[in-house]
Amino acid sequence: MNDYNEFRQTLDANLMPLLLLLPKEFSSQQFISAVKVLLHNEYSRILNGRSYRSVNVWLSRWYLQGLSESGIIEKIDRKKEIQTENGYASRNQVWRCI
């Protein structure tokens, strides 16, 4: 699985179990963590030759935004301060299950 289209299909097929792992309001990082837990092998494969940052940006900016535009989740007008796995401070978008 080297293609984001394949990865998107896998995410779509597992969306309900992913959302059930999350609170009603969740950050982009919480969603990424759920993907890592539920779809560990698929996440590892999409990383092949890519940086964590590029995959995580795709998940948070493109995949979650697409879910929001489809009316599956809602983008909340606020950010949540988190600490990345590398120890850096980051502001993450907050989303809500509809």
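Modeller: I begin with a charged pair: E25 forms a salt bridge with R78, the closest N and O atoms being 2.2 Å apart. A salt bridge here is a side-chain nitrogen of Lys or Arg within 4 Å of a carboxyl oxygen of Asp or Glu. The model is predicted, so local features need pLDDT of at least 70 and side-chain atom pairs count only at pLDDT 80 or more, while totals for chains, interfaces and linings use all residues. Residues are numbered from 1 along each chain as its sequence is written, and side-chain values use heavy atoms, with hydrogens and water left out.

Biologist: How many residues apart are E25 and R78, and in which strands do they lie?

Modeller: Helices (H or I, at least four residues) and strands (E, at least two) are DSSP runs, numbered from the N terminus. E25 belongs to strand β1 and R78 to strand β2, so named by that numbering. The pair links distant parts of the chain, and its separation is 53 residues.

Biologist: Is E25 buried, partly exposed or exposed?

Modeller: Buried means under 20% relative accessible area, exposed over 50%, and partly exposed in between (1.4 Å probe, protein chains only). The relative accessibility of E25 is 29%. E25 therefore counts as partly exposed.

Biologist: Which residues are linked with E25 in a network of salt bridges?

Modeller: The side chains of R96 and E74 also meet in a salt bridge, at 3.0 Å from N to O. R96 lies in strand β3 (residues 89-97) and E74 in strand β2, so this pair ties together parts that are 22 residues apart in sequence. The residues linked with E25 in the network are E74, R78 and R96.

Biologist: What is the N to O distance in the salt bridge of R91 with E81?

Modeller: R91 is in strand β3 and E81 in strand β2, ten residues apart. R91 counts as exposed at 54% relative accessibility, and E81 counts as exposed at 51%. The closest N and O atoms of this salt bridge are separated by 3.2 Å.

Biologist: Why is the pair of F7 and W58 tilted?

Modeller: Rings of Phe, Tyr and Trp (its six-membered ring) pair if their centres lie within 6.5 Å; planes under 30 degrees apart count as stacked, over 60 as edge-to-face and the rest as tilted. The ring centres of F7 and W58 are 5.9 Å apart. The pair counts as tilted because its planes stand at 40°.

Biologist: Which residues form one aromatic cluster?

Modeller: The structure holds six aromatic pairs. F7 is buried at 0% relative accessibility, and W58 is buried at 9%. Both belong to the cluster, which is formed by Y4, F7, F26, F31, W58 and Y63.

Biologist: What is the area of the nonpolar surface patch made by L21, V37 and L38?

Modeller: Patches are made of residues with over 30% relative accessible area and no salt bridge; like charges are joined within 9 Å, nonpolar side chains (Val, Leu, Ile, Met, Phe, Trp, Tyr) within 5 Å. L21 lies in the loop between α2 (15-20) and β1 (25-27), and its relative accessibility of 48% counts as partly exposed. Accessible areas come from the Shrake-Rupley method with a 1.4 Å probe, only the protein chains shown counting as cover for residues. The patch has an area of about 280 Å².
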